[in-house]
Amino acid sequence: MKKFLLALMIVFTTATFAAADTIYLRDGSSVRGTLLGFINGRFVVRVEARFSTSPPPATDPNVARNRTGEGEIQYFRPNEIERIEIDGRSLDDARFELRTVQVGLEPNWIDSGVDVRRGERVRVTATGVIMLGRARVTPDGLQRTDPAAPLPNANEGRLIGAISDDPRAPIMELGSSREFTADRDGRLYLTVNRGSFADARGSFNVQLRRERDLAAETDTGFPRTPGRRRSRQPIETTPTPRETTITVAGNSRGTDTGIDVRAGDRITFSASGTVVAGQRAGSVNPDGGRSTGFGSIIGTRPVPNAGVGALIGYIRTVDGQASQPFFVGSQLTFTAAVDGRLFLLINDDNYNDNSGGFTVRIRLNQ
């Protein structure tokens, strides 16, 4: 019941200024107007009298009696309400926003007009046909690849997407149907997985279905403001090294490096500093130390064969999944196997008594 009321409260808070909301009461009457929010345990409605039916006289002193004044603000307790429709939709329908986008093969990615938040689920369904020369291509693409495409190993002509106008942001395959969980905040861009666009005709009809974030204070739906351009052409023709230095705390279960990597990128790590990895292990360097604890016996640490307190890492892919963690230590040159965001952490199974930190220099060659 508490979760139900929380969902109602959040959805209705976002429905301010929405028209034609209908509240069906348990006494058989209904009230139509504008649902303004949920305040002090009651729903607040501006009543449209000409569309409302009057309830019988109330016997409960906690229930308001006069609810028929046009334009009047009325309050309803949850136990008075049978169901609620927002702008003609049921509560369940109101939890989702829909947007349709036409995606053709153009010099730039198509701005979907949709800003997503990290952890938000988005459902993509696509139909239609694009002509690539004489080939008819559906959103799932052709059974061949194009080395010049944004995703060289994916089907040529397949619908793809990326969150952010940063050309280094990971790209995900969408095809005709895909549901993904956003791994970051940003604008969603769409395009067709092909290098050349000169002979392309037609477009895919792409429907985006976003579940409202019921944990947010507000949710204004799909935004209407234009995003920045995302070019399909690479910004640079030669790999550019990128360097950054971060601190990984001794109790870190995952420190975001702020670096997006692509499969095949080479990453060089150089780490120094000291971490206290609990009383048994004591002070250790980035290569880790020995432990006689329970975790060393049953292998409960993220990288079981690495020392306790060692510096390790993983890549979180665009669908929110974590790659297999890998040992970093004090020095490592690593080749990324997947696209995603790079994270660093401490190799331990009990972070409560850890302290200190490592200073890590990261060099990325894309």
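**Close-up views of a predicted model**

**View 1. Confidence along the chain.** This predicted model has a mean pLDDT of 79, and 74% of the protein's residues reach 70 or more. Residues 1-7 have pLDDT below 50. Beyond near neighbours in sequence, residues 1-7 make three contacts in the model. Residues 235-240 also have pLDDT below 50. That stretch has five contacts beyond near neighbours in sequence.

**View 2. An open sheet of three strands.** The strand order is E11-E10-E16, and the pairing is antiparallel. Strand E11 (135-137) and strand E16 (200-202) stand at the edges. Each has a single partner strand, so one side of each lacks a neighbour in the sheet. From one strand to the next, the twist averages 25°.

**View 3. Strand E10 beside strand E16.** Strand E10 covers residues 130-132. Three bridges pair E10 with E16 in the antiparallel sense. Look for Ile130: its bridge partner in E16 is Gly202.

**View 4. Strand E22, covered on both faces.** Strand E22 spans residues 311-316, and six of its six residues are buried. One side carries Leu311, Gly313 and Ile315.

**View 5. Strand E22 and its partners E25 and E23.** Strand E25 (residues 340-346) runs antiparallel to E22, joined to E22 by six bridges. Find Ile315 in this pair: its bridge partner in E25 is Leu342. Strand E23 (residues 326-327) is also antiparallel to E22, with two bridges between them. Here Ile312 has Phe327 of E23 as its bridge partner.

Terms used: Residues numbered from 1 in each chain as written. Predicted model: local features only at pLDDT ≥ 70, side-chain atom pairs only at ≥ 80, totals over all residues. Heavy atoms only, no water. pLDDT = per-residue confidence, 0-100. Contact = heavy atoms within 4.5 Å. Pairing = 2+ DSSP bridges. Helix = DSSP H or I, 4+ residues; strand = E, 2+ residues; numbered from the N terminus. Axes fitted to C-alpha atoms, helices over the stretch in contact; angles between N-to-C directions. Buried < 20%, exposed > 50% of the residue type's maximum accessible area, 1.4 Å probe, protein only.
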